[in-house]
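Reader: I'm new to this one. Can you walk me through it?
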Amino acid sequence: MTIEPFIIKGLLAGVIVALVAGVMGCFVVWRRMAYFGDSLAHSALLGIALGIALGVNHNLSVIMLCSLFALILVWLQQKRIFATDTLLGILAHASLSIGVITISILEQIIDLHSYLFGDILTVGNDQIWWLVVGGGSVLGVLTYNWSSLVLMTIDEDLAQAENVPVARYQMLLMFLMTIVVAISIKIVGILLIASLLIIAPAASRQLSKSPEMMAMIACLIGVISVVIGMYFSFELDTPSGPTIVAALAALFVISFPISRITTKKMRTFLSQNEETRPLS
Amino acid sequence: MTDLITASNITVNRGGKKILDDVSLKVGTSDFITVLGPNGGGKSMLLKCLMGFYAPDQGQVTKANHLKVGYVPQQFSSEHTMPISVLQFLNLRKTLSPNELDKISTETNITDLLHKSLNVLSGGELQRILLARSLIGKPSLLVLDEPAQNLDIAGQLAFYKLLTRIYEQRELTILMVSHDLHMVMATTRRVICLFRHVCCSGEPQVVTKDPEFKTLFGNDMAEMMAVYQHGHKHSHDH
């Protein structure tokens, strides 16, 4: 049996997205940015519509529109009239609706379904480049600023007191999210990007003892889910996004008994050590 | 005695309201200053301006050269979604030599907590860990924003005792915001009452007799403080 190149491309794309989402997703879980990510993804459809209308690369138009979305959100947040979730709900669904309207007006044959739920097996060469460069920079920036970002997530005032530019880092995280959203659309689809960011880190949380460990296990869980999801998506001819997310959800459920076993082992190990320790 | 931080006539406006109004203040070497005042009186804002988080809208804040500040933040709810040990938290962005770690953890009594997860600690334990982190790198000034607000009376007492001991042993300067009036009166050297502007300042005994203090906290509180002061002194004489 020979492996078709489109399968290798899809697998490569899925693995990169899983790695990026695993690390970025930890911050989404820690900083409660889940709804923000979801809203950002919803607004991405308008970005795609504009990209089609203006003949611009979709990744680029999505990053630009989502960045604009984030800036408008920050500006509205500072007015303190409405709560953030209200603002996000308005922005997300308004831009999703306008996006769908724009696409229907364009009168081009567009497979809306593949944008909403992903189509991992049609990933092209240029998309692979976007994934490598975009995903690579997200991972690089997060790793390089890791301890400052972790400290800021624990306590913003504490980070500020140590001269961490907190406001700038908040904007940076938002911008990195727009990149993650843009490059993941093809893989899991607009409606499921947020779950890609949340489920793997949430499953990993049970099994980890440190922030780095949580990120690494989240990546591992993501990669396994992508492989399982892709296999079933190919075999059953189902959309890739839901199939990957279903695999993630299954791993999340399994993480509970696994974490119980590991903590139990740890406890017996510790108590045995306690017994053998000489009295001082 | 050199001044570590000088604020001259600083004013801060937020949302059309004056949060700080023409506040001037000096933090000198070996001071132990407590800022008192009702909620919304601008206490936290004052600390944040002095540390340079925000620039005041008017006035000036001058810091001594190479001033090293340790900071204990106001509300610290350890994030349950992040797994992190105390030791790793202490080492975030700061390099702790084994000697320094040993010294600080003995000093703040956290040696047994180092390998615990940050999100299983009690309020008092968490406060000691924040204090320990603020001491890394030998700061000459400690800034604490309501450090004991979530502790019970016994916890508050223990915390202020620890703080006083560190103040004396390390010979550093302390600037603190606090609500715990009775604790403040016993430990602090200088009190500043703040309600947007500096209402009164000076030694605790003197401040409690100030008419401005009485308008700010009520006559009953002022009398209670005076009694407490008396009792406190008395017990020292024996």
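Reader: Is Asn163(A) buried or exposed, and why?
Author: Asn163(A) counts as exposed because it has 10 C-beta neighbours inside 10 Å. The cut-offs: buried is 20 or more other C-beta atoms within 10 Å of a residue's own, exposed is 12 or fewer, partly exposed is in between, with C-beta atoms placed from the backbone. This is a predicted model, where local features need pLDDT of at least 70, side-chain atom pairs count only at pLDDT 80 or more, and totals for chains, interfaces and linings use all residues. Residues are numbered from 1 along each chain as its sequence is written, while chains are lettered from A and ligands numbered from 1 in the order in which they are written.
Reader: Where does Asn163(A) lie?
Author: In the loop between H8 and H9 of chain A. Helices are DSSP runs of H or I with at least four residues, numbered from the N terminus. Phi of Asn163(A) is positive, near 65 degrees.
Reader: New topic. Which residues of H6(A) are buried?
Author: Gln127(A), Trp130(A), Leu131(A), Gly134(A), Gly135(A) and Val138(A). They sit on the same side of H6(A), because they cover an arc of only 100 degrees around the axis (taken from the directions from the helix axis to the C-beta atoms).
Reader: What covers them?
Author: The cover includes helices H1, H3 and H9 of chain A.
Reader: And which residues are exposed on the other side of H6(A)?
Author: Asn125(A), Trp129(A), Gly140(A), Thr143(A) and Tyr144(A).
Reader: How many residues of chain A are in contact with chain B?
Author: 20 residues of chain A, with 16 of chain B. Contact means C-beta atoms, placed from the backbone, within 7 Å. H7(A) gives the largest share of chain A's side, six residues.

Notes:
Helices (H or I, at least four residues) and strands (E, at least two) are DSSP runs, numbered from the N terminus. Two residues are in contact if their C-beta atoms, placed from the backbone, lie within 7 Å.
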